[in-house]
Amino acid sequence: MTYPEVYSRLCYETAFVVFLKKDGTIRLMLCTRNLNTVSLQYGFQGKALGGHDNRCNISNGNIAVFDLALGEARSFNIDRLVKIEFKGIVSTAEQLEEVTGEFLEFKAEYEKSQPMELDMDSLNS
């Protein structure tokens, strides 16, 4: 997937994101850029993405998102994306609860069945 496609979809949708951190470890996130979704659990977070957005852009490949499991802004690099699974637009607390439960199951299964460390060479193959 391309940077513009992922960025655009995350502005509306919530997704499970699996990516390779700089240190070689795998990180799983339940995230979005949709502040309406974020506000269902964390209230208004209008400034949360701002600081990250200053450092994230198509030139460096970093996408700022709100991590719904941690309750904080985070970022990932599109070139180190291992997997992304979009869950659509989450607009109610019930939907958020459901997708959070799905994410916790997905994360537990992933951590049991997949390597939690990779190098960039294995990511590109």
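Is Asn-77 buried or exposed in this structure? Asn-77 is buried, with a relative accessible area of 9% (buried means under 20%, exposed over 50% and partly exposed in between, using a 1.4 Å probe and protein chains only). Please keep in mind that this is a predicted model, in which local features need pLDDT of at least 70 and side-chain atom pairs count only at pLDDT 80 or more, while totals for chains, interfaces and linings use all residues. Residues are numbered from 1 along each chain as its sequence is written, and side-chain values use heavy atoms, with hydrogens and water left out.

**Asn-77 and its surroundings**

- Asn-77 belongs to strand 4, which covers residues 72-77 (strands are DSSP runs of E with at least two residues, helices are runs of H or I with at least four, and both are numbered from the N terminus).
- A polar atom of the Asn-77 side chain lies 2.7 Å from the backbone nitrogen of Asp-79. This is a polar contact, meaning a pair of N or O atoms within 3.5 Å; within protein, one must be able to donate a hydrogen and the other to accept it, and residues adjacent in sequence count only if both atoms are side-chain atoms.
- Leaving aside residues up to four places away in sequence, Asn-77 touches Asn-60, Gly-61 and Asn-62 (contact means heavy atoms within 4.5 Å).

**The largest pocket**

- The largest pocket holds about 200 Å³ of space. A pocket is an open set of points on a 1 Å grid over the protein atoms alone, with protein on both sides within 12 Å along at least five of seven lines, and its lining residues have an atom within 4 Å of a point.
- Asn-77 is one of the lining residues, together with Phe-19, Lys-21, Lys-22, Arg-27, Asn-62, Ser-75, Phe-76 and Arg-80.
- Strand 4 gives the most to this lining, with three residues.
- By residue type, the lining of the largest pocket has two nonpolar, three polar and four charged members.

**Aromatic pairs**

- The whole structure contains six aromatic pairs (rings of Phe, Tyr and Trp, the last by its six-membered ring, with centres within 6.5 Å; planes under 30 degrees apart are stacked, over 60 edge-to-face and the rest tilted).
- One of them is the tilted pair of Phe-19 and Phe-76, at 5.8 Å centre to centre and 35° between the planes.
- That pair links distant parts of the chain, with Phe-19 in strand 1 (residues 14-20) and Phe-76 in strand 4, 57 residues apart.
- Both Phe-19 and Phe-76 are buried.
- Phe-106 and Tyr-110 also form a tilted pair, with 6.0 Å between centres and 40° between planes.
- Phe-106 and Tyr-110 are separated by about one helical turn because they sit four residues apart in helix 4 (residues 93-113).
- Phe-106 is buried at 16% relative accessible area, and Tyr-110 is buried at 11%.
- Phe-16, Phe-103, Phe-106 and Tyr-110 make up one aromatic cluster.

**Thr-32 in strand 2**

- Thr-32 lies in strand 2 (residues 26-32) and is buried, at 0% relative accessibility.
- A polar atom of its side chain lies 3.3 Å from the backbone oxygen of Leu-10, and one lies 2.7 Å from the backbone oxygen of Glu-13.
- Beyond residues up to four places away in sequence, Thr-32 touches several residues, including Thr-37, Val-38, Val-65 and Phe-66.

**The ends of helix 2**

- Asn-34 caps the N-terminal end of helix 2 (residues 35-42), with a side-chain oxygen 2.8 Å from the backbone nitrogen of Asn-36.
- Gly-43 follows helix 2 and has a positive phi, near 70°.

Conventions. On a 1 Å grid over the protein atoms alone, a cavity is a set of points where a 1.4 Å probe fits but cannot get out, and a pocket is an open set with protein on both sides within 12 Å along at least five of seven lines; lining residues have an atom within 4 Å of a point. Grid points are joined across faces, edges and corners, and a volume is the space filled by probe spheres set on the points. Ala, Val, Leu, Ile, Met, Phe, Trp, Tyr, Cys and Pro count as nonpolar, Asp, Glu, Lys and Arg as charged, and the others, Gly among them, as polar.
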